[in-house]
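Welcome, and thank you for taking a look at this protein chain with us. Please have the picture at hand as you read.

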Amino acid sequence: MKSVTTGSEEAGARSASYLQIVKSTALIGGSSIVNIVFAVIRNKVIAVLLGPEGVGLMGLYNSIADLAQTLAGLGVQASGVRQVAEAAGTNEAERIARTGIVLNRVSIVLGVLGMLLLAAFALPVAELTFEDRNHTAGVVLLSAAVLLRIISAGQTALIQGLRRIGDLARITMWGAFWNTVVCVPIILVWRQEGVVPTILAMAFTTLAVSWWYSRRVEIVPVHVTARETRQETAVLLKLGFAFMGSAFLSVGAAYAIRIIVLRLDGIEAAGLYQAAWSIGGLYAGFILQAMGADFYPRLTAVHNDNDACNRLVNEQTQISILLAGPGLIATLTVAPLLMTVLYSSEFHAAVDLLRWICLGMMLRIVAWPIGYIVLAKGARWIFLFTEIAATVVHVGLAWFLVGQFGLVGAGIAFFGLYVWHGVLIYWISRRLSGFRWSGVNMMLAMAYLLAAALVLSAFYMLPPWQATAVGTLVVIVACFSSLRMLLKLLPREKLPLGRWLPQWV
């Protein structure tokens, strides 16, 4: 006999789901705030001591490392999260152990291969990126960071797949702390020559922290045969290939756009782009990070139930918009101040670029939860197609718009990317799971996008002080509106001081 769910039970389940989203976002977000604080310290040191050129050099080397890590990693981190989450869903300790052991072994092998390949191709990579051979030794040294990053990514995938959200948060916080501890002295002593050693040292501390927490995962002793290793590896690589293709396209697009900007106005322009991109992603980053840490495994667990899948996506979208909207509009409003405080006055030329990136981030917050439907259902070829389309659109727009509008064209291209990608991913998800935005989400998305567009337009049409006043007013209204809606969605008795909040809030 089919059980009947009452309205009050359904409302309670929804409140619990919203509370879970907010809790995981707050936990990951709290760790991200710590990460941001230390990142600000590192960026400030680099900006003051090395200027835009040093920031640009750091960004280019990181792009090379990201690209090499993505290619060599073969998407195993992302597929590993999915495989571990599925194994954890069965509550079979031996299956979880087998998946975790193979994941670690594969990560080590791929890390070694990635290091050797980047070292072997260091000369052409240096010539392609910097148009000279002077940075070849730096690229060779960078290859060791690729090995450390891939091994660390495998360890983190195990923790994430098991939904150990607290440990993920601790990895982020301690990693940020130790990265800063090793970064600042190296830059102080060696200045620009310390850029690559800094990246290598940070990769080592990240590995050390992820190893410390991964060793705390209780894995039952199990003998994994060669046949089981091959089978588990085949599953990881089969799904991982699509993830790798997607990540490679995304990282490759970021690398290509930096090269476009570099060719436009030299390494200083690349530094301005790096600064704007870093600030634009600061606030949105903790929302997106929480999606990967908790929402993705939750969605994977119910991917065969379209109704449950679509409900989770709508809930995640609503909470994400309410949390991210006010912060992104605030970033857009006080962009000049943030650029000076987090970097220096030398970076003011990137303010308009930062504002367009914020507008694009608003669209990214709306589109990302829908994209996880494709991932959760394992539709790897559809997922790869969407990433190919996004890369072509992003790089194509950047190539055209940077030539037309200069540096700010890169920000307009990012906004244009998510106009395109949002429409495409919504259409695909409609066919995969019958997904539709809820009426509330359509209203919220439209309201926040219009509010952000209003503030951006004000800075182009009004004197700075008037535009700042308009932005400040919009931020105040957005904060109050988001707070009220969040309090209506969540059970007040579960919130700190919730019982004492006035009913009208």
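Accessible areas come from the Shrake-Rupley method with a 1.4 Å probe. By that method, the surface of this chain comes to about 22200 Å², and carbon and sulfur atoms account for 66% of it. Please keep in mind that the model is predicted.

**The chain as a whole**

Let us begin with the overall picture. Of its 505 residues, 55% are buried. If you take the contacts between residues at least 6 apart in sequence, 83% of them join residues at least 24 apart.

| Helix pair | Residues | Angle | Axis distance |
|---|---|---|---|
| Helix 9 and helix 11 | 306-333 and 351-376 | about 170° | 9 Å |
| Helix 11 and helix 14 | 351-376 and 439-461 | about 175° | 10 Å |

How do helix 9 and helix 11 run, roughly parallel or roughly antiparallel? Angles over 145 degrees count as roughly antiparallel, and helix 9 and helix 11 pack at about 170°, so these two helices are roughly antiparallel to each other. Their contact is made up of 15 nonpolar residues, seven polar ones and one charged residue.

Helix 11 packs against helix 14 at about 175°, and this pair is therefore roughly antiparallel as well. Here the contact has 13 nonpolar and two charged residues, with no polar ones. On the helix 11 side you can look for Asp352, Arg355 and Trp356, among others, while the residues they and their neighbours meet in helix 14 include Tyr448, Leu449 and Phe459.

Now for some residues between helices. His135 sits in the loop that links helix 4 (122-130) to helix 5 (136-161). Its side chain makes a polar contact of 3.0 Å with the side chain of Asp132. Leaving aside residues up to four places away in sequence, His135 touches Leu57, Tyr61, Ala126 and Phe130.

Most residues other than glycine have a negative phi. Leu74, however, has a positive phi, near 55°. You will find Leu74 in the loop between helix 1 (7-73) and helix 2 (76-90). Arg191 is not a glycine either, and its phi is also positive, at about 55°. Arg191 belongs to the loop between helix 6 (165-190) and helix 7 (195-214).

Are these two residues buried, partly exposed or exposed? Leu74 has 26% relative accessibility, so it counts as partly exposed. Arg191, at 40% relative accessibility, counts as partly exposed too.

Conventions: Residues numbered from 1 in each chain as written. Predicted model: local features only at pLDDT ≥ 70, side-chain atom pairs only at ≥ 80, totals over all residues. Heavy atoms only, no water. Buried < 20%, exposed > 50% of the residue type's maximum accessible area, 1.4 Å probe, protein only. Contact = heavy atoms within 4.5 Å. Helix = DSSP H or I, 4+ residues; strand = E, 2+ residues; numbered from the N terminus. Polar contact = N/O pair within 3.5 Å; in protein donor to acceptor, adjacent residues only side chain to side chain. Axes fitted to C-alpha atoms, helices over the stretch in contact; angles between N-to-C directions. Parallel < 35°, antiparallel > 145°, perpendicular 65-115°, else oblique. Nonpolar A, V, L, I, M, F, W, Y, C, P; charged D, E, K, R; others polar.
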